[in-house]
Amino acid sequence: MNNVRLDLNLLLVIEAIMLERNVTRAAASLSMSQPAVSNALRRARKLTQDQLFLRVADGVQPTSRMLAIWPELHRSLAVIRASIAPHHFDPSSDPTSFRLAVTDSLTAEAVCGITLKLRAASTYARVAFSFHTNAGSLDGIERGTLDCAVGMFPALPRGIHVQGLRTDHYVCVMQGGHALMREMTLDQFAAAAHVLVTPSGMDLGAIDGWLSLQGRARTIVAVVNHFADALRIVAESDLLTCVPSGYVTGPGQMLIARHGLVVRDLPFETEKLIYKLVWHERLHTHPAHQWFRSLVAEVCGPPADTADLRTAKVGVAEANGS
């Protein structure tokens, strides 16, 4: 191995296959033909004396050897890219692709706003949006399939940079004419049946954690991934749902009005929701990504009538629970 000339292109092919988990998609991402990528993979297998990737129904999966070498390989390629990247980024002329995940409650305004701002600033740049869950977005950022993500992220791993964007709070939405629309106690709220919104599909949310501090638990009869779905269900039933206030006054406003839904404060104290922009250390000083994160923060930052978090200090998570 010490006498073997290492072809950097082989490492780029391995990286692309690892990120895409599919040879065809890896070839497309590299602007190479599939036979060329397959040939490079054969050479990499010979070099490492390992299969590296095994075929599965929807693509390939890495071998244990590939998983072992991946962290250092990915980090090293990121260092190489950063070392030769231009010190300045001109959005009007530099073609760059950005990959971003945005939480559901901000998607409607963020996807449109970011795309239009990016298009206005750059003819050549491209953005790809992904479905967000806290765990999924952090995994994508760690693996390199995402550049950054906007969400609430109650805990962050070491080495992830974070910037506060805006704060919000939950409110309760119910059908017009609901028995609790005029008055709702904590006991009544807990006794009612609820629709829970969570992109991860988990059957407990922040509301349930706060209720447990009050010695209460609620009945959840449906778990959905999107706030709009929860509002439609509530409009046709006696169920309650809890959504961020910003969603009610923003993307969900038309649904609220169309169905005559009623919005009420929660009958107990809760913590504020904090939306955060997070990214990996390897892209922290990259000029293009610094510019893109500023664009994202501008779109996803606080509305004009709320306290401005955009001047909040950008930090790095030192340990879980940050």
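**Entry 1: helix α1**

I started with helix α1 (residues 8–20), whose 13 residues reach 19 Å from first C-alpha to last, close to the 18 Å expected at 1.5 Å a residue. The expected span is 1.5 Å times one less than the number of residues in the helix. I take helices (H or I, at least four residues) and strands (E, at least two) as DSSP runs, numbered from the N terminus. I then listed the buried residues of α1, which are L10, L11, V13, I14, E15, A16, I17, M18 and L19. Here buried means under 20% relative accessible area, exposed over 50% and partly exposed in between, with a 1.4 Å probe and protein chains only. Just after α1, I noted that R21 has a positive phi of about 55 degrees.

A reminder to myself: this is a predicted model, where local features need pLDDT of at least 70, side-chain atom pairs count only at pLDDT 80 or more, and totals for chains, interfaces and linings use all residues. Residues are numbered from 1 along each chain as its sequence is written, and side-chain values use heavy atoms, with hydrogens and water left out.

**Entry 2: the open sheet**

Next I looked up the strand order. I found an open sheet of 5 strands, β9-β8-β10-β7-β11, with mixed pairing. Its edge strands are β9 and β11 (262–264), each pairing on one side only. The twist averages 35 degrees from one strand to the next. For angles, axes are lines fitted to C-alpha atoms (for helices over the stretch in contact), and values run from 0 to 180 degrees between N-to-C directions. Helix α8 packs on this sheet and touches β7, β8, β9 and β10, its direction making about 105 degrees with that of β7. Contact means heavy atoms within 4.5 Å.

How many residues of β10 are buried? In β10 (residues 240–244), 5 of its 5 residues are. I checked both faces: L240, C242 and P244 are buried on one side, and T241 and V243 on the other.

I count two strands as paired if DSSP finds at least two bridges between them. Strand β7 (residues 170–174) runs antiparallel to β10, joined by 4 bridges. Along this pairing, V173 has T241 as its bridge partner, and C172 stands opposite C242. Strand β8 (residues 193–197) pairs with β10 in the parallel sense over 2 bridges. There I found V195 opposite T241.

**Entry 3: salt bridges**

I searched the whole structure and got 8 salt bridges. The criterion is a side-chain nitrogen of Lys or Arg within 4 Å of a carboxyl oxygen of Asp or Glu. I wrote up three of them.

R99 and D147 meet at 3.0 Å, N to O. The pair links distant parts of the chain, 48 residues apart: R99 sits in strand β3 (residues 97–102) and D147 in the loop between α6 (134–143) and β5 (148–151). Which of the two is buried? D147 is, with a relative accessible area of 5%, whereas R99 counts as partly exposed at 30%.

D139 and R143 form a salt bridge at 3.7 Å, N to O. They are 4 residues apart in helix α6, so about one helical turn separates them. D139 is partly exposed, at 39% relative accessibility.

R218 pairs with D208, their closest N and O atoms 2.8 Å apart.
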